[in-house]
Amino acid sequence: MAVTAHCQTAPCHHRQVLDLVKLRDRFGPDAPAMEWDFKSKLKCSRCGGNKVGLIYTPDTSPTGYGKAKGG
């Protein structure tokens with residue numbers, strides 16, 4: 001899973017993929033990771049704005065599982 005933060009401030013629109021290990025270390029391994037749980041704790045590293053949205057992208061790289069199962 002990749003989580004990308006994007007600044008919603010009109011002149012900025014900066015995007016950055018978040019380091020999930022660092023987030024775990026900062027907020028704890030049991031911290032909820034949904035957008036509404038922690039986006040208020042984030043701010044844009046470029047402009048300092050606090051209007052930040054999150055995009056969750058699953059890892060879709062091939063695993064070889066399909067070939068192992070005959071697919």
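This is a predicted model: local features need pLDDT of at least 70, side-chain atom pairs count only at pLDDT 80 or more; totals for chains, interfaces and linings use all residues.
View A. Y56 belongs to strand 3, residues 52–57 (strands are DSSP runs of E with at least two residues, and helices are runs of H or I with at least four). Together with M1, L20, M34 and W36, Y56 makes a nonpolar surface patch of about 550 Å²; patch residues have over 30% relative accessible area and no salt bridge, and nonpolar side chains are joined within 5 Å, like charges within 9 Å. A salt bridge here is a Lys or Arg side-chain nitrogen within 4 Å of a carboxyl oxygen of Asp or Glu, and areas come from the Shrake-Rupley method with a 1.4 Å probe.

**View B. The largest nonpolar core.** Eight residues, V3, A5, L18, L23, F38, L42, V52 and L54, form the largest nonpolar core (buried nonpolar residues joined through side-chain atoms within 4.5 Å). Strand 1 (2–7) and strand 3 each give two or more residues to this core.

**View C. The ends of helix 1.** Helix 1 is followed by G28, whose phi is positive, near 100 degrees.

**Notes.** Residues are numbered from 1 along each chain as its sequence is written. Local features need pLDDT of at least 70 and side-chain atom pairs 80 or more, whereas totals for chains, interfaces and linings use all residues, and side-chain values use heavy atoms, without hydrogens and water.

Definitions and conventions: Buried means under 20% relative accessible area, exposed over 50%, partly exposed in between (1.4 Å probe, protein chains only).
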